[in-house]
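Here are my notes for your first read of this structure. Keep the 3D view open and find each part as you go.

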Amino acid sequence: MAFREYKVGARLFGVALGGSMVITLYMPIVDMTSVAVTETGLKKQLSYGRIGGFSYEDPWMLGEGKPKTVVLNKDPKTGQPIETVDAYVYEPGIPFPSGIVHPRILGDGITQLSLDKGQIGSASEDAGAVFVIARGTHNGETVTYIENATATRGWQPAEVLSTGGDENTHYIGSGKIMFVKEGCWWCHTLLPEQTQDWQYFGIPPRLGDFNGESPTAFGSDRKAPDLLHVGARNSSKEWMMMHFFNPRLVQPHSIMPRYDYMWGDVDANGNPIDFKAWRAEYDAYAKGKTMYPPDVPEYAKDSQIRYLMDFILSLK
Ligand code: HEC
């Protein structure tokens, strides 16, 4: 039979293709549901919102369609003091993260707690919702799960935002987009390794820290310090501002680029930022003609640099 070899080849090809599709498409599902999400993983999901990279909701990567993280120490309903809690505010229309849309990726037990006690099933994207991280027990162990505070405590997104105020509101999800868009990961990793790294960059992440996160922005080739816990070793907003405006202000030989354009056109008071004049003053300082560098402008509330700073300082 002249074509026998081809038939055998075609079948083997079919088996190989089918097998690789099972591995590529099916195995990750099995794998994901077998890992329970950690508290870090929950914080990331809730503060980043629906996926943290390029998406059709935000094609220009401007940080749109993301939740806000509000540090609350008062109950927004009653005004009574409460133990400080991070409230993840999804205003109406903001897409929910994968853990709420597909609770089973949260892993055994946590899925059940989030659905039964946390009532996440009743949250609606159209109406908006506020989530918090709650503690419960599963198989005798303390675990964290997602609580829909709109259902359990009656907290509405707008109330939480006004109770917290702008100074307690953080744009962590939008900042993650800035990190991806600006390519910080070309030089920085978000992945301390199981080596001497531990001593300086802090503890390596665990598998359950990544449930539902995409992209992870691990980085690949490290040319600069790991940033996974940078907010724990340096939480100075002033230092970060100077460093982002021009890294040479604080690290004279830094190879990190300037990100001054992320300030936008105006400062916190709405006055135009004169980049040329700033540069001229800085050059005079760099040449030793003046004693001090010019001040870095205070950034506007809705500037991209605010988003980025909120993300970087959240990396504890
Ligand atoms: C060309 C490589 C490069 C790029 C791109 C880059 N950085 Fe850096 N970054 C460095 C280097 C080198 C250092 C260490 C020297 C210094 O502090 O400037 C550093 C330091 C830092 C630090 C301080 C780290 C510490 O341990 O205290 C932070 C925070 C930081 N970068 C954030 C960012 C962010 C956010 C972006 C993207 C908007 C970015 N970097 C892009 C090279 C880079």
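Predicted model: local features only at pLDDT ≥ 70, side-chain atom pairs only at ≥ 80, totals over all residues.

1. Next, the ligand. Which residues come nearest to the ligand? They are C184, C187, A224, S254 and M256, out of the 22 residues around it. Sort the shell by class and you get 15 nonpolar, five polar and two charged residues.

2. Move on to helix packing. Two packed helices are described by the angle between their axes and the distance between the axes. Take helix α7 (residues 172-181) with α12. Their axes lie 7 Å apart, and the packing angle is about 100°. Angles of 65 to 115 degrees count as roughly perpendicular, so α7 and α12 are roughly perpendicular to each other.

3. Which residues make this contact? From α7 come I172, S174, G175, K176, M178 and F179. They meet Q304, Y307, L308, D310, F311, I312 and S314 in α12. By class, the contact of α7 with α12 has seven nonpolar, four polar and two charged residues.

4. Helix α12 (residues 304-314) also pairs with helix α10 (residues 237-245). The axes of these two come within 11 Å and cross at roughly 125°. That angle makes α10 oblique to α12. The crossing of α10 and α12 is right-handed.

5. Look at the side chains of this second pair. In α10, find K237, M240 and F244. In α12, their partners are I305, M309, I312 and L313. The contact of α10 with α12 divides into six nonpolar, no polar and one charged residues. Note I312: this α12 residue is listed in the contact with α10, and also in the contact with α7.

6. Finish with the backbone. Most residues other than glycine have a negative phi, and most peptide bonds are trans. Check two places against that. The peptide bond from S214 to P215 is cis, with omega near -5°. P215 sits in the loop between α8 (197-201) and α9 (230-233). Then go to Q119, which is not a glycine but has a positive phi, near 50°. Q119 belongs to the loop between α4 (110-116) and β3 (129-138).

Methods. Residues numbered from 1 in each chain as written. Near = placed C-beta within 6 Å. Nonpolar A, V, L, I, M, F, W, Y, C, P; charged D, E, K, R; others polar. Axes fitted to C-alpha atoms, helices over the stretch in contact; angles between N-to-C directions. Helix = DSSP H or I, 4+ residues; strand = E, 2+ residues; numbered from the N terminus. Parallel < 35°, antiparallel > 145°, perpendicular 65-115°, else oblique. Left-handed = near helix turned anticlockwise from the far one by under 90°. Contact = placed C-beta atoms within 7 Å.
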